[in-house]
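Let's take a look at charged side chains and how they pair up, then turn to a nonpolar stretch of surface. Here is the model.

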Amino acid sequence: MRTFFRHTAVLLALSAGTAEAAYPTKVMSALEDDKRLPDIQVGVGYDFSSKSAQITREWVQVDNAGNRSAIDVAELDYAELVHRLNMEVRVGLFRDLELHIYAPVVLSDTSEIGFSEGVAGRSTIFGSANANDPNFAMGDNYRFPITQVPAKRSRSGFGDMTFGLSWSPLNDAKDEAYPTITLTGDITAPTGTWRDPQDQDAASGNGSGGVGLGQTIFDLSIGASRRMLKGVPALDPYMVFGATIPVATKVPEQLEMTPPPSGRFIVGTEVVFHDDPEERVRYSIDVSFALKYIGIGRTYSELSDYLPDFNQKKVTDPSGVGRDSVNYDDYADPANYDARVMGNCLGVDPNSGVTLLPGVPCGELNQVDEHMRMTGAITVHLQPSKYFLLRAGAALGFTTNHLITAEKVGTDTDPADANNMACAGGCVGRVNAVNSAGVDERSVHYDPRYDTPGRRFRAEDILNLMLFLTANLTF
């Protein structure tokens with residue numbers, strides 16, 4: 001890694017010719033000696049993205065000798081397809097200071113789950129004795145169906161807009177002694193209709209479910225680029241470091257959303273084949289690699305549209321006092337679910353013909369574990385004149401395997417000297433429905449069926465593909 005950064009620094013320090021910066025570090029400008037009017041660029045683009053993953057589940061099994069072991073079993077195949085229209089405006093405000101606004105319109109966002117090959121009839125989720133067994137008694141009863149399979153969700157609409165400033169205090173096109181350094185600060189506002197996991201419009205298949213993330217996202221980045229060599233062909237290597245801090249807005253905050261922060265590193269180079277700075281004619285290919293870290297958070301997962309919102313705090317004994325154990329009948333009772341709208345999450349049991357959880361919709365944010373995404377991209381830049389730029393490219397990404405249902409059972413708040421006799425099973429070091437102070441320590445978001453270690457869901461073999469095309473006019 002040290003060698004990589006040393007070589008990169010040497011590349012950035014090589015002498016350069018007067019030319020535009022690499023696209024990721026380029027900014028619009030105004031009020032220059034030869035530019036009394038601001039640069040204005042408007043663009044419209046289309047992108048298509050697909051995501052596929054296999055959903056596995058930890059599953060405790062008992063052999064003939066009574067020995068228990070936990071293995072990851074294949075359960076579901078997940079697929080998501082998104083078609084998006086992107087509009088952008090970039091305006092030079094001052095010398096190398098740019099204002100930009102991005103507005104996405106999601107034409108279609110469709111996801112679906114189905115059984116993995118060979119799983120139907122043996123699933124631990126739906127449609128088999130493994131998923132529906134009232135007599136199963138290994139601890140809390142996990143064998144109540146979780147969600148209907150197969151299932152599909154469809155969304156569309158205006159998305160969340162981004163407003164930001166970019167400034168290049170150093171520009172190698174003006175001073176060959178320095179690389180171009182670009183600082184960017186963006187705010188993504190929750191302008192789109194919130195992507196409510198319980199949105200019945202998404203479940204109905206009419207494609208009108210909300211697409212907004214329900215977050216205000218603060219994004220800061222710093223980029224550096226430097227044209228190598230004079231003339232063409234030439235290389236214009238660049239690096240970008242960035243971080244995002246999302247904050248849930250009021251509606252998702254009621255569900256205790258804690259969106260994860262993230263950080264990214266992008267390294268790439270433009271290979272410039274033709275460049276005429278005076279006429280602003282430029283043809284190049286951009287090759288890049290990005291590494292993104294996503295932290296732990298209670299947020300959207302591959303299954304957040306499909307899991308019912310069970311609330312263990314609603315499980316009580318006949319006297320109305322909360323109890324620690326959860327059984328099959330508790331899952332079957334719609335009163336133990338947080339349903340903000342009417343729905344029918346599980347549909348009809350294919351074996352018994354009984355409607356399961358009538359009136360209870362699917363939809364639950366999940367505690368998603370940290371993970372990383374690695375993406376390679378190639379982009380073609382075609383700029384036949386100073387007024388027009390066409391960009392087209394493709395990106396392929398892989399995401400590390402990670403848990404997508406990892407909610408804690410709750411938080412033990414008993415002091416070390418608490419009277420252990422006041423709680424069934426002890427107070428200290430244990431989460432209780434009634435602790436030593438009479439407080440319910442359980443989490444309202446924990447579902448024993450899929451948040452308990454040995455029953456959790458994991459996303460694996462995650463593949464992301466994107467194709468995009470953007471046309472820009474500059475005035």
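Arg449 and Asp447 meet through their side chains in a salt bridge, at 2.8 Å from N to O. Here, a salt bridge means a side-chain nitrogen of Lys or Arg within 4 Å of a carboxyl oxygen of Asp or Glu. Arg449 is buried, with a relative accessible area of 0%, and Asp447 is buried with a value of 0% too. For the record, buried means under 20% relative accessible area, exposed means over 50%, and partly exposed is in between (1.4 Å probe, protein chains only).

A quick word on ground rules: this is a predicted model, where local features need pLDDT of at least 70 and side-chain atom pairs count only at pLDDT 80 or more, while totals for chains, interfaces and linings use all residues. Residues are numbered from 1 along each chain as its sequence is written, and side-chain values use heavy atoms, leaving out hydrogens and water.

The structure holds 24 salt bridges. Three of them look like this:

| Salt bridge | N to O distance |
|---|---|
| Arg449 and Asp447 | 2.8 Å |
| Arg264 and Asp219 | 2.9 Å |
| Asp236 and Arg282 | 3.9 Å |

The Arg264 and Asp219 salt bridge ties together distant parts of the chain: Arg264 sits in strand S9 (residues 262-276) and Asp219 in strand S7 (residues 215-225), 45 residues apart. Strands here are DSSP runs of E, at least two residues, numbered from the N terminus. Arg264 is partly exposed at 24% relative accessible area, whereas Asp219 counts as buried at 14%.

Asp236 and Arg282 also meet in a salt bridge, and this pair links distant parts of the chain too, with Asp236 in strand S8 (residues 234-248) and Arg282 in strand S10 (residues 281-294), 46 residues apart. Both Asp236 and Arg282 are buried.

Which residues are linked in a network of salt bridges? That would be Glu58, Asp72, Arg456, Arg458 and Glu460.

Now for the nonpolar side. Phe289, Met374, Leu396, Phe398, Leu463, Leu465 and Leu467 form a nonpolar patch on the surface, with about 560 Å² of accessible area together. Patch members have over 30% relative accessible area and no salt bridge, and nonpolar side chains (Val, Leu, Ile, Met, Phe, Trp, Tyr) are joined within 5 Å. Strands S14 (388-399) and S16 (457-474) are the elements that give two or more residues to the patch, and S16 supplies the largest share, three residues. Leu465 lies in strand S16 and is partly exposed, with a relative accessible area of 32%.

Key: Helix = DSSP H or I, 4+ residues; strand = E, 2+ residues; numbered from the N terminus. Patch = residues over 30% accessible without salt bridge, like charges linked within 9 Å, V, L, I, M, F, W, Y side chains within 5 Å. Areas by Shrake-Rupley, 256 points an atom, 1.4 Å probe, with all protein chains shown as cover.
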